[in-house]
Every structure is written in C-alpha cells, then in structure tokens.
Amino acid sequence: MKSFDIDELKSTIEKDGFADLTGLITSNCIKEINSKIEKAMNQPHCNGARGYIKQGCQRYLADTLTYGKEIIDVYTNETLIELAEKYSSDKVHLSNYRIYSTYPSEDFKMWWHLDNKIDTYDFENNCFVQEVVPDDKGLIFLMYLSDVEDGGVQLVKGSHKWSRNHDCEGFDHMENDFHKEIVTFNNRPKGTFIAYDYATIHRAKPYNGGQVRTSMFGQLSPSRMPVGEPILLNTRDLNGLTKKQKQVLNFGQEPSTLNWPIGEINELCSSQKQKFDLKEKFKNLFR
Ligand SMILES: O=C(O)CCC(=O)C(=O)O
Ligand SMILES: [Fe+2]
C-alpha cells in the first residue's frame with residue numbers, strides 16, 4: 001500500500017477540490033472485491049436472489065457492505081477517514097455508499113451536480129427528496145473496480161470555492177463558463193481512487209460505446225449532517241471492528257433515508273422476462 005501525506009492531500013483538495021489517492025487500495029484487495037461481487041452484479045436482486053438493482057443505465061449492488069470485510073475496510077480506511085475528518089474539521093460517518101456498474105448509453109446522461117445536500121426518502125410520495133446545504137462540507141471518494149477508458153468521473157477544478165454561491169443542484173446551464181476547468185478521469189486503470197470535496201461540481205462523463213465501468217462510491221459526511229442510508233452488515237464481519245470503524249458505520253444510529261436507488265418494477269420485469277425468454281430458448285439444452 002502506498003503511503004500518503006494527509007496534510008498535503010488536504011491542501012490539494014482545498015486548492016483544487018479533489019486529490020488522487022490511487023495506490024491506497026492494493027490490487028489484491030480490488031481483485032478480491034471483484035471476485036466476491038461478480039455473481040451478484042450479473043443477476044437482478046429479487047425474491048431472495050442477491051444481486052443488483054437497475055436504475056437507468058446502471059446496476060447497483062444491493063446490500064453492498066455485506067459482500068466482504070475488504071469492502072468495509074475500504075469504506076473505513078484509516079488514511080481516508082483521517083483525511084475526511086481533517087478536511088471537514090469534524091468526526092465523519094458514511095452517509096451514502098454504493099458499488100455500481102455503468103453501461104454505455106444513448107439515453108441516460110448524468111447532469112453536472114453537487115452532493116452537499118440532504119437526501120431523504122419521502123414515504124408519502126415514494127420518492128427521494130433533496131435539499132442543498134451550503135454549510136455541508138465533506139468528501140466523496142470514487143474508486144474504479146474496472147479499467148476505465150471512457151465514461152470516467154469528471155470534476156470542475158476549483159468549483160468547490162464558488163458552487164455554494166449558487167442556489168441550485170444542477171449546473172448543466174453553466175457548462176460553457178467552466179468547460180476549461182473540467183478534469184476527466186478517463187483511460188485510468190482499476191484501483192484509480194479520487195477523493196473530492198462534494199461541493200465540487202462533477203458528473204460521470206456521458207458515453208455511448210465501449211466498456212462497462214464498475215465503481216465503488218462512498219460519501220463521508222460531518223457528524224452535524226444526518227446519518228444517511230441504512231448500513232446493513234454481515235455478522236461474519238462484525239468481530240474485531242474498531243471503535244473508529246463503528247463510528248464511521250453509524251453503529252447505534254437511526255438511518256435518515258433509504259438506500260438509493262429503489263428499483264422500478266418494470267426494470268425488474270424486463271430483466272426477469274429476458275431471463276425467462278432465454279430459459280425458453282435453451283430449455284431443450286437443459287432437459
Ligand atoms: O459515477 C460517477 O462518476 C459519479 C457519481 C456521482 O456523482 C453520484 O453518484 O453522485
Ligand atoms: Fe455526485
């Protein structure tokens with residue numbers, strides 16, 4: 001594992017809005033995570049089958065933190081947590097987390113946005129509602145679990161210094177103003193690890209051909225912000241968690257929202273139908 005100077009990383013994020021921590025997680029650990037999630041990333045989460053939830057051109061691994069202790073250890077990595085706590089001048093907790101695969105698409109496109117906001121599930125209207133909080137200061141990290149040629153994360157360098165002055169969450173309308181500051185993490189190998197101030201304007205670069213991109217995402221929020229998503233763990237992994245890990249994983253805390261995304265029934269039906277059609281097509285083979 002590469003070692004990092006935390007104060008240097010902190011000042012890089014203060015200056016640019018992001019820092020490169022590639023090398024923090026070993027390639028063996030990434031290999032291990034990939035082998036543990038592989039089967040589940042290839043079947044919809046349904047009726048006891050552990051798999052993914054589909055949302056647009058993305059597949060999100062349900063119960064992400066239950067697949068291996070290695071995953072918990074990435075989310076609670078000591079260097080990462082120390083950096084996040086120094087950066088936000090507060091204790092931090094994991095408020096949002098996911099492992100997901102993004103497929104190239106003509107139809108779906110992520111908009112330029114910020115994540116210094118509170119996400120809450122509205123049980124009346126069955127949807128997530130978001131409220132931007134200018135005072136919310138923390139880090140998101142993104143680690144590639146696959147080699148990424150295109151469709152990588154894009155960040156607007158330095159935008160964390162001015163984005164809070166705008167009363168909006170989406171920034172597509174300002175792209176002409178900031179296009180020279182865009183930094184794109186394309187053509188990067190698995191293990192690429194970027195931490196950014198989540199008030200930095202960013203998105204996943206839209207792309208419509210080439211490789212599927214698989215990533216691990218975690219949002220580390222200061223303790224003054226709400227708890228966030230439910231954290232579901234496997235009892236196999238609980239022994240030996242440190243006090244710090246328990247703090248980051250919200251032990252004893254009530255979640256303030258649900259895990260994002262909630263799948264649409266028609267998405268599930270279409271993947272189940274494809275499975276059924278395939279079974280029909282090949283049934284003679286399996287008799
Ligand atoms: O996948 C990416 O590159 C960015 C993800 C992101 O911005 C988000 O989920 O909020
Ligand atoms: Fe985001």
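Helices (H or I, at least four residues) and strands (E, at least two residues) are DSSP runs, numbered from the N terminus. The structure described here is a predicted model, in which local features need pLDDT of at least 70 and side-chain atom pairs count only at pLDDT 80 or more, while totals for chains, interfaces and linings use all residues. Residues are numbered from 1 along each chain as its sequence is written, and chains are lettered from A and ligands numbered from 1 in the order in which they are written.

**A tryptophan in a loop**

Trp 111 lies in the loop between strand 4 (92-102) and strand 5 (117-122). A residue is buried if 20 or more other C-beta atoms, placed from the backbone, lie within 10 Å of its own, exposed if 12 or fewer, and partly exposed in between. Trp 111 counts as exposed because it has 12 C-beta neighbours inside 10 Å. Leaving aside residues up to four places away in sequence, Trp 111 touches Gly 170, Asp 172 and Arg 203; contact requires C-beta atoms, placed from the backbone, within 7 Å.

**Helix 1**

Which residues of helix 1 (residues 6-16) are buried? They are Leu 9, Ile 13 and Asp 16. Seen down the helix axis, the buried residues fall within an arc of 90°, so they line one face of helix 1; the arc is that of the directions from the helix axis to the C-beta atoms. An α-helix has 3.6 residues a turn, so residues three or four places apart point the same way. The face turned away from the buried side carries the exposed residues Asp 7 and Glu 8. Gly 17, with a positive phi near 100°, follows helix 1.

The elements against which the buried residues of helix 1 pack are listed below.

| Element | Residues |
|---|---|
| Strand 1 | 18-20 |
| Helix 4 | 78-88 |
| Strand 10 | 193-197 |

Three strands form an open sheet in the order 9-8-11, with antiparallel pairing; two strands pair if DSSP finds at least two bridges between them. Strand 9 (182-184) and strand 11 stand at the edges with a single partner strand each, so one side of each is left without a neighbour in the sheet. Strand 8 (residues 153-156) is joined to strand 11 by three bridges, and Val 153 has Ala 204 as its bridge partner in strand 11.

Val 153 and Ala 204 are also among the residues around ligand 1, together with Asp 115, Leu 142, His 202, Ser 215 and Phe 217; each has its C-beta atom, placed from the backbone, within 6 Å of the ligand. Strand 11 (202-204) and strand 12 (213-222) each give two or more residues to this shell.

Note on methods:
Two residues are in contact if their C-beta atoms, placed from the backbone, lie within 7 Å.
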